[in-house]
Each structure stands twice: as structure tokens, then as C-alpha cells.
Amino acid sequence: MWSALDEARLALVHDDVPVGAVVVDAAGEVVASDHNRREELRDPTAHAELLVLSRAARSRGDWRLDGHTLVVTLEPCPMCAGAAVWSRIDRIVYGATDLKAGGVWSLYNIPQDARLNHRSEVVAGVLAEECSSLLSSFFESRRQPGAAPES
């Protein structure tokens, strides 16, 4: 999670929501890391999770990421949770809970939906305070007079 937090801080450089993600293989090696790039790329799908899942698949030479873990600082949204399931990721680990858009547990439970053909283990709340603090600071700074509008 520390690596994902380091990635999340990089999103601040281009004024993006500070969410970072890494994909780790079965040996515990990071095979892909990135952060939100929606503002930088002007792409609504440039979430950290989608970027790392894509990079990990290219690195592996296969879209199936069984044996891998997705680690992300914020609970994935439904789009990202769905991508994790479709990639056959074994485990999703996240820090901060997203009560407004969480697709892993808070609002939806996509990775463990028995109606789907693959399910992922979920580990929630890892370094939750550190992850939440980074996000809270970002949004608080945007609420200051003269701050850029919220994304």
C-alpha cells in the first residue's frame, strides 16, 4: 500500500484526485504502478486501477491476471471493480472506503457477486487513515476560495 500511496501523491502534480494503484504478482513483486490521470489525459477512464490492470496484462502477455493482487488507495468504483473481475485478479486490497461510489463493498459488491463467473478476495482498510487523509486534504484544498473546481 505504501507504493500505491506514493503513486497517489504523483496525481497531485497534474491536479488529479490522488488515487494510486499497483498490481503485485504471486511472488509479491510490483508488476505495474500508476495513479489517476483523468485530468492529465482528459480521459474519463484513466483511473489508476484501469491503467495498472492494462499495464500488468501487457507485461504478462495475457489479459488473465490470476495469481495477481490489485492494491489501491481508494475503494474501486464499479467500472474498476468490473475490470478487476474481468481480468481474473485474485485479490483486491484497498485503503479508504468510498461511500459514494464504491464498487467493491460500500455501494456494490461486484468482486464477490455470485452471479459473475469470477470472484476476487477483498481486503479492505489497509492504511485507511493515511489513504483517507490524502484524499481529504486534496478535496479540502479545492473547497478553499479561489481553488480549481472539483472534478
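Partly exposed means a relative accessible area between the 20% limit for buried and the 50% limit for exposed. Aspartate 62 has a relative accessible area of 27%, so aspartate 62 is partly exposed. The model described here is predicted.

Aspartate 62 has a charged partner. Arginine 64 forms a salt bridge with aspartate 62, and the closest N and O atoms are 3.1 Å apart. Arginine 64 is also partly exposed, at 38% relative accessible area.

## Other salt bridges

How many salt bridges does the structure hold? The count is 11. One of them joins the side chains of arginine 60 and aspartate 66, with an N to O distance of 3.6 Å. Arginine 60 has 38% relative accessibility and counts as partly exposed. Aspartate 66, at 39%, counts as partly exposed too.

Aspartate 113 and arginine 115 meet in another salt bridge, at 2.6 Å from N to O. Their surroundings can be set side by side. Aspartate 113 counts as buried, at 19% relative accessibility, whereas arginine 115 is exposed, with a relative accessible area of 74%. Elsewhere, a network of salt bridges links Asp34, Arg37, Glu40 and Arg55.

## Aspartate 98: a buried charge without a salt bridge

Aspartate 98 sits in the loop between strand E4 (91–96) and strand E5 (121–124). The residue is buried, yet aspartate 98 has no salt bridge. Which side chain of opposite charge is nearest to aspartate 98? It is lysine 100, 7.5 Å away. A salt bridge needs a nitrogen of Lys or Arg within 4 Å of a carboxyl oxygen, so lysine 100 does not qualify as a partner for aspartate 98.

The side chain of aspartate 98 does reach a backbone atom. That atom is the nitrogen of alanine 101, at 3.0 Å. Beyond neighbours within four places in sequence, aspartate 98 is in contact with Leu74, Glu75 and Ser106.

Serine 120 is placed in the loop between E4 and E5. Its relative accessible area is 2%, so serine 120 is buried. Which backbone atom does the side chain of serine 120 reach? It reaches the backbone oxygen of isoleucine 89, at 2.8 Å.

Ile89 is also among the residues that serine 120 touches.

## Alanine 46

Alanine 46 lies in the loop between helix H2 (38–41) and H3. Is alanine 46 buried or exposed? With a relative accessible area of 0%, alanine 46 is buried. Apart from neighbours within four places in sequence, its contacts are Asn36, Arg37, Arg38, Leu41 and Leu51. Arg37 is also a member of the salt-bridge network with Asp34, Glu40 and Arg55.

Arginine 115 gives a reference point for distance. Alanine 46 and arginine 115 are 69 residues apart along the chain, and their C-alpha atoms are separated by 27 Å.

## Helix packing

Helix H1 (residues 2–11) and helix H5 (residues 128–142) have axes that come within 11 Å and cross at roughly 5°. H1 is therefore roughly parallel to H5. On the H1 side, the contact is made by Trp2, Leu5, Ala8 and Arg9. On the H5 side, Glu130, Cys131 and Leu134 take part.

Helix H4 (residues 78–86) has its own buried residues. They are Cys80, Ala81, Gly82, Ala84 and Val85. What covers these residues? The cover includes helix H3 (48–60), strand E3 (69–74) and E4.

Most residues other than glycine have a negative phi.

At 23% relative accessibility, arginine 88 counts as partly exposed.

Leucine 127 is in the loop between E5 and H5. Its phi is near 55°, again a positive value in a residue other than glycine. Leucine 127 has 22% relative accessibility and counts as partly exposed.

Terms used: Residues numbered from 1 in each chain as written. Predicted model: local features only at pLDDT ≥ 70, side-chain atom pairs only at ≥ 80, totals over all residues. Heavy atoms only, no water. Helix = DSSP H or I, 4+ residues; strand = E, 2+ residues; numbered from the N terminus. Buried < 20%, exposed > 50% of the residue type's maximum accessible area, 1.4 Å probe, protein only. Lys, Arg positive; Asp, Glu negative; His and termini not counted. Polar contact = N/O pair within 3.5 Å; in protein donor to acceptor, adjacent residues only side chain to side chain. Contact = heavy atoms within 4.5 Å. Axes fitted to C-alpha atoms, helices over the stretch in contact; angles between N-to-C directions. Parallel < 35°, antiparallel > 145°, perpendicular 65-115°, else oblique.
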